[in-house]
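Let's take a friendly walk through a protein model. Have the sequence and the 3D view ready, and follow along as each part comes up.

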Amino acid sequence: MSFHQVVRSVGFSIGSALGGLTLAAHTPAGSTFPTDTGYATASWLGAAAMGATVVAALAVRQAPDSTTTGLQRESGLRKG
């Protein structure tokens, strides 16, 4: 499994847990559904998490190696 697949899986898991926790916290006792503010809060937290993920991804993005071509980089091959 590649690094990006692992990060994506972890991100999906954290996002699901954060959304569920937020909606559970905004569900009054004895009620079946969360309040409208719970949905709005979950949406804003999701947007903030996505923004943080984009910033982190851009920060750790590696510069292309000048000795490889684009196709070789994609397939993991190096010039030899």
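Glycine 46 has a relative accessible area of 38%. Buried residues fall under 20% and exposed ones over 50%, so glycine 46 counts as partly exposed. You can find glycine 46 in helix α2. Keep in mind as you look that this is a predicted model.

Now move to helix α1, where leucine 18 sits. Its relative accessibility is 29%, and leucine 18 therefore falls in the partly exposed class. The C-alpha atom of leucine 18 is separated by 7.8 Å from that of alanine 42, a residue 24 positions away along the chain.

Isoleucine 14 also belongs to helix α1. Is isoleucine 14 buried or exposed? With a relative accessible area of 53%, isoleucine 14 is over the 50% cut-off, so this residue counts as exposed.

Isoleucine 14 is also part of a nonpolar patch on the surface, together with Val6 and Val10. Taken together, these three residues have about 240 Å² of accessible area.

## The largest pocket

Next, look for the largest pocket, which holds about 610 Å³ of space. How many residues line this pocket? There are 18 of them, and His4, Val7, Arg8, Thr53 and Ala57 lie nearest the centre.

Two helices, α1 (residues 3-25) and α2 (residues 36-60), each supply at least two residues of the lining. Helix α1 gives the largest share, with 10 residues. Sorted by class, the lining has 11 nonpolar residues, five polar ones and two charged ones.

## The whole protein

Finally, step back and view the whole chain. The secondary structure consists of three helices and zero strands. Reading from the N terminus, the order of elements is α-α-α.

What share of the 80 residues counts as buried? The figure is 5%. The protein exposes about 6500 Å² of surface, and 66% of that comes from carbon and sulfur atoms.

How values were computed:
Residues are numbered from 1 along each chain as its sequence is written. This is a predicted model: local features need pLDDT of at least 70, side-chain atom pairs count only at pLDDT 80 or more; totals for chains, interfaces and linings use all residues. Side-chain values use heavy atoms; hydrogens and water are left out. On a 1 Å grid over the protein atoms alone, a cavity is a set of points where a 1.4 Å probe fits but cannot get out, and a pocket is an open set with protein on both sides within 12 Å along at least five of seven lines; lining residues have an atom within 4 Å of a point. Grid points are joined across faces, edges and corners, and a volume is the space filled by probe spheres set on the points. Helices (H or I, at least four residues) and strands (E, at least two) are DSSP runs, numbered from the N terminus. Ala, Val, Leu, Ile, Met, Phe, Trp, Tyr, Cys and Pro count as nonpolar, Asp, Glu, Lys and Arg as charged, and the others, Gly among them, as polar. Buried means under 20% relative accessible area, exposed over 50%, partly exposed in between (1.4 Å probe, protein chains only). Accessible areas come from the Shrake-Rupley method with a 1.4 Å probe; for residues, only the protein chains shown count as cover. Patches are made of residues with over 30% relative accessible area and no salt bridge: like charges are joined within 9 Å, nonpolar side chains (Val, Leu, Ile, Met, Phe, Trp, Tyr) within 5 Å. A salt bridge is a side-chain nitrogen of Lys or Arg within 4 Å of a carboxyl oxygen of Asp or Glu.
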